[in-house]
Amino acid sequence: MRRVAEGLGVESQSEVGRDAGGSRRRSDAAGSAAAAGKRPGVSSSTRVPGSPSEASGRRCPMARPGMERWRDRLALVTGASVGIGAAVARALVQQGLKVVGCARTVGNIEELAAECKSAGYPGTLIPYRCDLSNEEDILAMFSAIRSQHSGVDICINNAGLGRPDSLLSGSTSGWKEMLNVNVLALSICTREAYQSMKERNVDDGHIININSMSGHRVVPQSVTHFYSATKYAVTALTEGLRQELREAQTHIRATCLQPEDVTEAVIYVLSTPPHVQIGDIQMRPTEQVT
């Protein structure tokens, strides 16, 4: 299958052209207060140590303690062609995972896959072209992963986009586009990832939603209000997912992250013991003492 041979393939929604304001649509990352508990659904506040951002492509440490159990298992990263998604995909390959990086165009992912291979990283990056605004494309991607790689063990919903469409004068098409990618695609990928884990009796999988601070506050800028509503939805969906996973009596975990040093946060939550549930992380810059 060319999609899997070229990659399993999806383009970062941040690459889907430019918005009416001339700025690139962006892929996001999310979060708010960290929590760690002794069993799924029980959490307490946690602060993740800060470290320099990896969005610039700086390599993270190899062989992170706690990541050994993920070696040779499969992670899906949406919006993996640029920025946060690309940095997360690289970091997971460095830790020895098979990573399906999806975006609407996969040229950048193919280049990154070649870089990872030439660097001798223990994992593999598999580009896959997919339009996340199209459910058929998403379902075809999961089917390809199932047939060629058994299934998904980690799902990182990173792809997202923003349009400058206000509540009073925004276009319906712009609203739908944000809903399709930021809410529906995330939900479809989450459902399919969970079903993939369940059918293979995977009880230690992880679903990570990359959110935005716009999912925790509404700023006085009209062009961000509908976008913010979609990000509040991500916050609610992640908590709802955590509750449903607990009701299902599974140890599959759900975490919400916001942009700052998302790559470091992803490795952090994946490296925690299986009995620890981190529901939400809000990154803050380290305070300077003067």
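These notebook entries record what I looked up in a predicted model.

**Entry 1. Nonpolar cores**

I began with the largest nonpolar core, which has 33 residues. Leu92, Ile156, Val266 and Leu270 are the members with the most contacts inside this core. I then noted which elements each supply at least two of its residues: strand E3, helix H2 (83–94), strand E4 (98–103), helix H3 (107–118), strands E6 and E7, and helix H7 (262–271). Helix H2 gives the largest share of this core, seven residues.

I looked up Leu92 individually. Setting aside neighbours within four places in sequence, I found Leu92 in contact with Met67, Ala75, Val77, Leu97, Val99, Ile156, Val266, Ile267 and Leu270.

**Entry 2. Cavity**

I found one cavity of 30 Å³ or more in the structure, and the volume of the largest cavity is about 50 Å³.

Which residues line the largest cavity? I listed Thr78, Leu132, Asn157, Asn158, Ala159, Val181, Ala185, Leu186 and Cys189. Helix H5 (residues 172–199) provides four residues, the largest share of this lining. Sorted by class, the lining comprises six nonpolar and three polar residues, and no charged ones.

**Entry 3. Gly151**

I located Gly151 in the loop between helix H4 (135–149) and strand E6 (154–157).

Not counting residues up to four places away in sequence, Gly151 touches Leu74, Ile145, Arg146, Ser196 and Arg200.

**Entry 4. Ser228**

I placed Ser228 in helix H6 (residues 225–247). Ser228 counts as buried because its relative accessibility is 3%. Its contacts, leaving aside neighbours within four places in sequence, are Ser214, Arg217 and Val218. For Arg217 I recorded a further detail: its backbone oxygen lies 3.3 Å from a polar atom of the Ser228 side chain.

**Entry 5. Positive phi values**

I finished with backbone angles. Most residues other than glycine have a negative phi, and I noted two residues that depart from this pattern.

Asp72 has a phi near 70 degrees, a positive value in a residue that is not glycine. I found Asp72 in the loop between strand E2 (45–46) and strand E3 (74–78). At 53% relative accessibility, Asp72 counts as exposed, since that term applies over 50%.

Where does Asn201 lie? I found Asn201 in the loop between helix H5 and strand E7 (206–210). Its phi is positive, about 60 degrees, although Asn201 is not a glycine. With a relative accessible area of 70%, Asn201 is also exposed.

Methods: Residues numbered from 1 in each chain as written. Predicted model: local features only at pLDDT ≥ 70, side-chain atom pairs only at ≥ 80, totals over all residues. Heavy atoms only, no water. 1 Å grid on protein atoms, 1.4 Å probe; cavity = no way out; pocket = protein on both sides within 12 Å on 5 of 7 lines; lining within 4 Å. Points joined across faces, edges and corners; volume = space filled by probe spheres on them. Nonpolar A, V, L, I, M, F, W, Y, C, P; charged D, E, K, R; others polar. Contact = heavy atoms within 4.5 Å. Buried < 20%, exposed > 50% of the residue type's maximum accessible area, 1.4 Å probe, protein only. Polar contact = N/O pair within 3.5 Å; in protein donor to acceptor, adjacent residues only side chain to side chain. Core = buried A, V, L, I, M, F, W, Y, C linked by side-chain atoms within 4.5 Å.
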